[in-house]
Amino acid sequence: MADSHGKHTKHGTEGEGPLARIALRFTAFTEKWLPDAFGFVLVGTFVVLVFGLITGEPLLKRPDDPAATKGYGMVDAWGLGFWSLITFTLQMAMIIIGGYAVATSGPVARLITRLGRIPKSPRTAVAFVAAVAMLASYLNWAFSLIFAAILAREVARNVPKADYRALGAMAFLGLGTVWAQGLSGSAALQVASASSSPGPVQEVIRAGGHASGLIPLSDTIFTWQAIVATLFVYVVGVTMAWFVAPGEGNARTAEDIGIELRPLIGRGSAYNGKRVDGSEDEKRRPGDWLEHSPLFSLLVVLLGAIYLVRYFDGKSFFNALDLNTVNLILFLLAMLLHWRPWRMARAVRDGAPAAAGVLLQFPLYGGIFGMIAYTGISARLAGWLVQASNQFLFPPLVAIYSCILGVFVPSGGSKWVIEAPYVLDAANQLQVDAGWMVVVYDLGEASANLLQPFWMLPTLAILGLKARDIMGYTFTMFLACFPAALIAVTLLAPHVTG
């Protein structure tokens, strides 16, 4: 049986379990038919535009036009929304770069080396990477993209018979399961922060009974119902990872794909051509002392630490946490771990390309948000959701819808501001708790990342793989993890009180 690289596997799919066979077949399909990531947002823009036109929205009208109905026409709404996410765009770019900087620091590299020695068999290796990736993504999704990818490489080096494609897919699993329920979940942090949540979203939240227009984390990801749902999806993900791992006869190792795996630490070790052991190749100039001295790095960390202590003084930590404070904590941690300014500067320079997709695509997401939020589409969709649902069915219905929309808008935060106006409006009408709807959105939206390649790009760059190499596995994981999320949000919803 020929694979996508022109070589033949030893036994086809014979002898594999049913889940492993499904994963291998899906991989063959995605290798042939997968589109480029940027195409999703381009198509999504015009899908929303056409949807607005066929449902009666005007193409060219302004609210001050005497003949205009309430709201903007589609073109003006698109332009109004195009830069509406500019603050959030920078926040997302910084969280990616900060996560990269932390994950590639020397102390974290040594931690990865130790973790990479734990699994001893190919199947255990795949499940182990899945478990660690989901845990890391709960702490910080941007950090997990890099940390788990480097871990997958190190595990592959220590367990050379493990399927490198499956390891790569599991390194990304956190972004398709639990990340949005964690400490860097965009939607939860956004509704908790006045600087990150657009005005129309805050207005709907106020209408639902939150006078501040904000929803604290204690009412979203840190409710006991949200924690139980997250644990359930986590267990399902690790179990599924164990069963989809192919046997040695069908495994494609890093060597088979032509990827060289060097050790992370030790003199002469390299990662993407960059040293991680702190050794220096160039002769130092006398004027370079500032870049090589840890003095000012430590002073910046001290300055930031004092500010954070004062910021959180008298506040609940989780209620006060927002995207700006998460980014500051990540930045200070990276400065401390890299120790010397030149290492921090190099890490940021190396991590910046991973944020290129955010800078390119988020304005287009803002345009989609504008076409929904500043026209009659938002109210129309809210009405449809109310008519098609009730208090019991509304959470799973929104999870399904959020997952579908996530294929076209592959971003937790930018997609949330698109959905929030009408989802929360419908929740208010059905008397469903707004905080629980953020949790529902989180679990449904995260699953969509297993179906499209946008957020895979930083992980794939580390691994040296293409999206088509791993998406057969991620789709197979979706078939288990998404139903698990639906079950969780449906059964736990009656226990949530608004």
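Q: What counts as a helix here, and how are helices numbered?
A: A helix is a DSSP run of H or I with at least four residues, numbered from the N terminus. The model is a predicted one.

Q: OK. Which helix has glutamate 154 in it?
A: Glutamate 154 is in helix H7, which spans residues 141-158.

Q: Buried or exposed?
A: Glutamate 154 is buried, because its relative accessibility is 2% and the cut-off for buried is under 20%.

Q: What does glutamate 154 touch?
A: Leaving out residues up to four places away in sequence, glutamate 154 touches Ile112, Thr113, Gly116, Arg262, Pro263 and Leu264.

Q: Switching to H3. Which of its residues are buried?
A: Helix H3 covers residues 74-82, and its buried residues are Met74, Ala77, Gly81 and Phe82.

Q: Why are they on the same side of H3?
A: They span an arc of only 135 degrees around the axis, so they sit on the same side of H3.

Q: What do the buried residues of H3 pack against?
A: Three helices are involved: H2 (38-54), H18 (356-373) and H19 (377-387).

Q: Now alanine 347. Where is it?
A: Alanine 347 is in helix H17, residues 341-351. With 4% relative accessibility, alanine 347 counts as buried.

Q: And which residues does alanine 347 touch?
A: Not counting residues up to four places away in sequence, alanine 347 touches Tyr100, Ala101, Thr104 and His338.

Q: How many residues apart in sequence are alanine 347 and tyrosine 100?
A: They are 247 residues apart in sequence, while their C-alpha atoms are 7.2 Å apart in space.

Q: Tryptophan 339 next. Where does it lie?
A: Tryptophan 339 is in the loop between helix H16 (323-338) and H17. Its phi is near 70 degrees, a positive value in a residue other than glycine.

Q: What is the relative accessible area of tryptophan 339?
A: The figure is 36%, so tryptophan 339 is partly exposed.

Q: Last one, glutamine 431. What is its phi?
A: Phi of glutamine 431 is near 60 degrees, again positive in a residue other than glycine. Glutamine 431 sits in the loop between helix H21 (412-430) and helix H22 (434-448).

Q: Glutamine 431: buried or exposed?
A: Exposed, because its relative accessibility is 65% and the cut-off for exposed is over 50%.

Key. Residues are numbered from 1 along each chain as its sequence is written. This is a predicted model: local features need pLDDT of at least 70, side-chain atom pairs count only at pLDDT 80 or more; totals for chains, interfaces and linings use all residues. Side-chain values use heavy atoms; hydrogens and water are left out. Buried means under 20% relative accessible area, exposed over 50%, partly exposed in between (1.4 Å probe, protein chains only). Helices (H or I, at least four residues) and strands (E, at least two) are DSSP runs, numbered from the N terminus. The arc is that of the directions from the helix axis to the C-beta atoms. Contact means heavy atoms within 4.5 Å.
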